[in-house]
Amino acid sequence: MGLPRPRLGIPAQLLLASSVLVLLPWLGLQLVRELQRLVTDAQEQALAATARRAAIALGDRPSLLPAAGGGSGPALRLLDLPRPVVVDGRADEWDDPALEAHRLPVPDDEAAEPPPHSAVYRIGRQGNGVYALFEVRDPDVVRRAPGPGTGDGDRLEIATVTDDDELLRFAVDAEGDGPVSVWLVREDGSRVADNRIGGAWQTAEGGWTVELRLPRPLVGKRLAFAVVDVDDPQARTIASRLETSGTATREALAVVLAPSPEIGDLLAGLGGPRTRLW
């Protein structure tokens, strides 16, 4: 004679069924997390395998690597621009996500907002030109006073080592919106007008923007920019200075890292349709 089978009432059956339904979303979430982990692991393994293949390929051709370097210290990456740039002082052609936006000064993770004087810059190359865009946050814009190259207002300074290994310094300013004035800064500090660099200046609410085109021969192995802020239109003394790297000596300038066509061709054969290597 068997034991009587326990019988569940309708309320208990409904409670049991409800418990199972409640568990379904949790089980689905665990399944999604496990699938995500598997996909991530597969992607990591694929990237690691691609990195190993690239390392082996470059190791077999060491002569390619010096062209991608050029020295020690800070580096400035000179990427190829995806489309032509009209030098008009506007950022219309610079919104491509592939172009790096660098901040001056280097942002503090704890800072709620950028300091009163700050800048965002982008740089790239195309054809025979090197292009740069600086968007400067400056509550007190002081432009150069009318007259010869005084350089006594807000300005952008450029230090470059040319293809001929010559160290040159330039100052870029403007009396108003439109084409910039470019001055070659001599060793004694004097300035003379120079037309090798073209650019445009635009004043906006809370700051100013300058867009430049430098001929390729002017940009060799090293390059640096400095945003100089002047707040007092009477004294015209320097209030602050933001630098991409040091500009005082040749060694202080950032090393220019430009894409190598040979390395680019080599990497192009290693990546897949959904992989971008640089």
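The legends below describe close-up views of a predicted model. Residues are numbered from 1 along each chain as its sequence is written, and side-chain values use heavy atoms, without hydrogens or water. Because the model is predicted, local features need pLDDT of at least 70 and side-chain atom pairs count only at pLDDT 80 or more, whereas totals for chains, interfaces and linings use all residues.

**View 1. A nonpolar patch on the surface is formed by L21, L23, L24, W26 and L27.** Together these residues have about 530 Å² of accessible area, a value from the Shrake-Rupley method with a 1.4 Å probe, in which only the protein chains shown count as cover for residues. L23 lies in helix α1 (residues 10-59).

**View 2. Y121 and F134 form a stacked aromatic pair.** The ring centres of Y121 and F134 are 5.1 Å apart, with 10° between the planes; rings of Phe, Tyr and Trp (its six-membered ring) pair if their centres lie within 6.5 Å, and planes under 30 degrees apart count as stacked, over 60 as edge-to-face and the rest as tilted. Both Y121 and F134 are buried, a term for under 20% relative accessible area, with exposed meaning over 50% and partly exposed in between (1.4 Å probe, protein chains only). Ring pairs link Y121, F134 and F225 into a cluster.

**View 3. W201 and W208 form a stacked aromatic pair.** The ring centres of W201 and W208 lie 4.3 Å apart, and the angle between their planes is 5°. W201 counts as buried because its relative accessibility is 0%, and W208 counts as buried because its relative accessibility is 1%.

Notes
Patches are made of residues with over 30% relative accessible area and no salt bridge: like charges are joined within 9 Å, nonpolar side chains (Val, Leu, Ile, Met, Phe, Trp, Tyr) within 5 Å. A salt bridge is a side-chain nitrogen of Lys or Arg within 4 Å of a carboxyl oxygen of Asp or Glu. Helices (H or I, at least four residues) and strands (E, at least two) are DSSP runs, numbered from the N terminus.
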